[in-house]
Amino acid sequence: MGFRLFRRVKILPGVTVNMSRSGPSLSLGPRGYKKTISKRGLRTTVGLPGTGIYYTDLESWKKVQGSQTGNPASPSTSPHPASTAAPGIACPHCGQTTGTSWLFCPHCGTRLP
Ligand SMILES: [Zn+2]
């Protein structure tokens, strides 16, 4: 086959698709601040155009996915809504409900934690 394996296609202003031997990747952003998304990870390139000075950082998908999909069940939805919670805390001595800000149990006089 004679066609080249590397291709660069600009699909939108500031958005470029790179077809390379290692697989396709997507570049976002203006000159000097680019995000490159590929199957290896998310690469950030920050630089000063024309100076040759730039900084690049690769965040692998392994690391990204580990922090985002560690718990598939959403932890934000609580099975115990606050409306059904007791208005106070239970006394560790007699078990009666006391106010959360009370220092001593009104039923038995035990100092509350
Ligand atoms: Zn008590």
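A residue counts as buried if 20 or more other C-beta atoms lie within 10 Å of its own, exposed if 12 or fewer, and partly exposed in between, with C-beta atoms placed from the backbone. Keep that handy for the tour.

What you have open is a predicted model, where local features need pLDDT of at least 70 and side-chain atom pairs count only at pLDDT 80 or more, while totals for chains, interfaces and linings use all residues. Residues are numbered from 1 along each chain as its sequence is written.

**The whole chain**

Start with everything selected, in cartoon view. The protein chain has one helix and eight strands; helices (H or I, at least four residues) and strands (E, at least two) are DSSP runs, numbered from the N terminus. Walk along the sequence and you pass β-β-β-β-β-β-α-β-β. Of the 113 residues, 3% count as buried. Two residues are in contact if their C-beta atoms, placed from the backbone, lie within 7 Å. Among contacts with a separation of 6 or more, residues 24 or more positions apart account for 0%.

Now look for an open sheet of six strands, in the order 1-2-3-4-5-6, with antiparallel pairing. Its edges are strand 1 (7-12) and strand 6 (53-60), each pairing on one side only. From one strand to the next, the twist averages 20°; the axes behind that angle are lines fitted to C-alpha atoms (for helices over the stretch in contact), and angles run from 0 to 180 degrees between N-to-C directions. Two strands pair if DSSP finds at least two bridges between them. In general, strands of a sheet pair through backbone hydrogen bonds, either parallel or antiparallel.

**Stop one: V9**

Select V9, which sits in strand 1. Is V9 buried or exposed? V9 is exposed, because it has 10 other C-beta atoms within 10 Å. Show its surroundings and, leaving aside neighbours within four places in sequence, you'll find V9 in contact with T16 and V17.

**Stop two: strands 2 and 3**

Next, pick residues 15-20 (strand 2) and 23-28 (strand 3), which run antiparallel and are joined by six bridges. They form a hairpin with two residues between them.

With 10 C-beta neighbours inside 10 Å, G23 counts as exposed. Not counting residues up to four places away in sequence, G23 touches S38 and K39. R40 is 17 residues from G23 in sequence and 9.2 Å away in space, C-alpha to C-alpha.

**Stop three: on to strand 4**

Strand 3 and strand 4 pair in the antiparallel sense over four bridges. Select S25 and you can find its bridge partner, S38, in strand 4. This hairpin has four residues between the strands, and G29 takes a positive phi near 110° there.

Move to strand 4 (residues 33-38) and strand 5 (residues 41-48), antiparallel and joined by five bridges. I37 stands opposite L42 in strand 5.

How many bridges pair strand 5 and strand 6? There are eight, again in the antiparallel sense. Check G47, which stands opposite Y54 in strand 6. This hairpin has four residues between the strands, and G50 takes a positive phi near 90°. Finish on strand 6 itself, which is hardly covered: the count of buried residues among its eight residues is zero.
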